[in-house]
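The exercises below are to be worked through with the sequence and the model side by side, and each task is followed by a solution in steps.

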Amino acid sequence: MILVADSGATKTDWAAIAENGTCTHLSSMGLNPNYITDPTLLDSEIGNVAENSGNADTVRQIFFYGAGCSSDENREKISHLLQKHFPNAKTEVHTDLLGACRAVCGTSDGLVGILGTGSNSCVYQNCRISQNIPSAGYMLGDEGSGTYIGKQLVKQYLTEFLPKDLQQKFEEECHVSRGGIMDTIYRQPCPNKFFASLMPFVLNHRHEPFVRSITDSCFDDFFQNQILKYRTPLRQIHLVGSVAFLFGPDILEMAMSYGYYIGSVLQAPIYGLEKYHSPKN
């Protein structure tokens, strides 16, 4: 059996692929080693996946694609825990960006972007990432992502620039207050998850002019700070992530304004990765 994982900031999607090509899907919490610093929590979560996958001893290969897996140290940390719970498996740990590329491009060249809880992008050529604007993380980067959009919404709320009717809806629907937000983002762990959790509100009010101005500005920042910096003749952008999937028309409009167009869009890369790694292919 082959086990494939796509791990983001909020959750990890797993696909257990049998030799005949049939697949079982599992889900766990996000396993970003930059944010989960307690090794016992990572160990416990991967152990739960091993238990729920059926017979862990039958897993022969694991392909793990994860946010926060760009450093050798973090890749080794994840690889060690996978080998502990799947003792007969050969393990490969890669970045979530390479996973996105393989999910939407396979072995073809392409310009690829992630727009989910976080964001990233690259040029994918000859089955490898040839150009990448380094991610500055949710505090300084992640343009166009759910976290980034949520941050801009909160900023407008805290500085009292939200229209009064929208401010009231925001407080009622998201159960927030100024004091509660300040406590969450400055005193509680993982404020990026709080910012991203506001996306249902943004989605529900996406057609209100003020909200649309926020999302347009955030997607423009994604193109200005990432896509436009690549030296490539490629003009088709393939996207993965929930924000890319849910705001497709808005992103397409922004892309066309810069002379690009949108190719494949996957809400969850795991389905493309399942196809890429299937023994039937």
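**Exercise 1.** In what order do the strands of the open sheet lie, and with what pairing?

*Solution.* This is a predicted model, in which local features need pLDDT of at least 70 and side-chain atom pairs count only at pLDDT 80 or more, while totals for chains, interfaces and linings use all residues. Residues are numbered from 1 along each chain as its sequence is written, and side-chain values use heavy atoms, with hydrogens and water left out.

Begin with the strands, taken as DSSP runs of E of at least two residues, just as helices are runs of H or I of at least four residues, both numbered from the N terminus. Two strands pair if DSSP finds at least two bridges between them, and on this basis the 5 strands of the open sheet follow the order β3-β2-β1-β4-β5 with mixed pairing. Next, locate the edges, which are β3 (23-29) and β5 (90-95), each pairing on one side only. Finally, look inside the sheet, where β1 (residues 2-7) and β4 (residues 61-66) are joined in the parallel sense over 6 bridges, and where valine 4 has phenylalanine 63 of β4 as its bridge partner.

**Exercise 2.** Which strands does helix α1 touch as it packs on the sheet?

*Solution.* Taking contact as heavy atoms within 4.5 Å, helix α1 (residues 39-52) touches β2 (11-17) and β3. For directions, axes are lines fitted to C-alpha atoms, for helices over the stretch in contact, and angles run from 0 to 180 degrees between N-to-C directions; helix α1 then makes about 160° with β3. Helix α13 (residues 270-277), in turn, lies across β1, β2, β3 and β4 and runs at about 150° to β1.
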